[in-house]
Amino acid sequence: MDAVDRSREQAAPDGVAALARLIESVLEGAQDVSPRPLSVSQLRAVVALDRRDGVNLRELAEQLDSTPPLVSRLCDRLEAVGFLERLPSARSRRELTLRLSDRGRAYLQDLRSRRRDRVETLLAKMTPAGRAALAGGLAEYLALADRTPDLHR
């Protein structure tokens, strides 16, 4: 049997580690609605481009906290499946602008719809009190995350 590292659990206030594990489980459950044909890193890039369409490679690499060569290869794969378009930049002839294709947008919309349906199905099974507690807790969590962006990665 594998040893379990409980050092973080002991350093955390009561219930924080257990709640963190629950949140991890919820996030992992969202993966049940598969992002195929994309890898997790490709999906992150598609979401980043959806939020800030028309960026260049360097800007996308910064958003993904990666390097331009790695992001360039990732973009090659996204372009190969038809989810990304590389267009000449209006700012510089040496630069390309990255945009989601219509196919990429449709894919992301479908994925979000399937995930939302799953979440709504589960929320509908919760008690009203449970939903209210969850809503309050998530609102507080998001407010804190917005004030501490360095921890929100």
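Trainee: At what angle do the axes of H3 and H5 cross?
Mentor: Roughly 85 degrees, and the axes come within 10 Å. Axes are lines fitted to C-alpha atoms, for helices over the stretch in contact, with angles from 0 to 180 degrees between N-to-C directions. H3 and H5 are therefore roughly perpendicular (65 to 115 degrees).
Trainee: Which residues meet there?
Mentor: Ser41, Gln42, Ala45 and Val46 in H3 meet Leu74, Arg77 and Leu78 in H5 (contact means heavy atoms within 4.5 Å). The set divides into four nonpolar, two polar and one charged.
Trainee: Is this predicted or experimental?
Mentor: This is a predicted model, where local features need pLDDT of at least 70, side-chain atom pairs count only at pLDDT 80 or more, and totals for chains, interfaces and linings use all residues. Residues are numbered from 1 along each chain as its sequence is written, and side-chain values use heavy atoms, leaving out hydrogens and water.
Trainee: Switching to H6. Which residues are buried in it?
Mentor: Gly104, Tyr107, Leu108 and Leu111 (buried means under 20% relative accessible area, 1.4 Å probe, protein chains only).
Trainee: What do they pack against?
Mentor: Helix H3, residues 40–51.
Trainee: And how many helices and strands are in the chain?
Mentor: Seven helices and two strands. Both are DSSP runs: helices are H or I with at least four residues, strands E with at least two, numbered from the N terminus. Along the sequence the pattern is α-α-α-α-α-β-β-α-α.
Trainee: What share of the chain is buried?
Mentor: 23% of the 153 residues.

Note on methods
Buried < 20%, exposed > 50% of the residue type's maximum accessible area, 1.4 Å probe, protein only. Parallel < 35°, antiparallel > 145°, perpendicular 65-115°, else oblique. Nonpolar A, V, L, I, M, F, W, Y, C, P; charged D, E, K, R; others polar.
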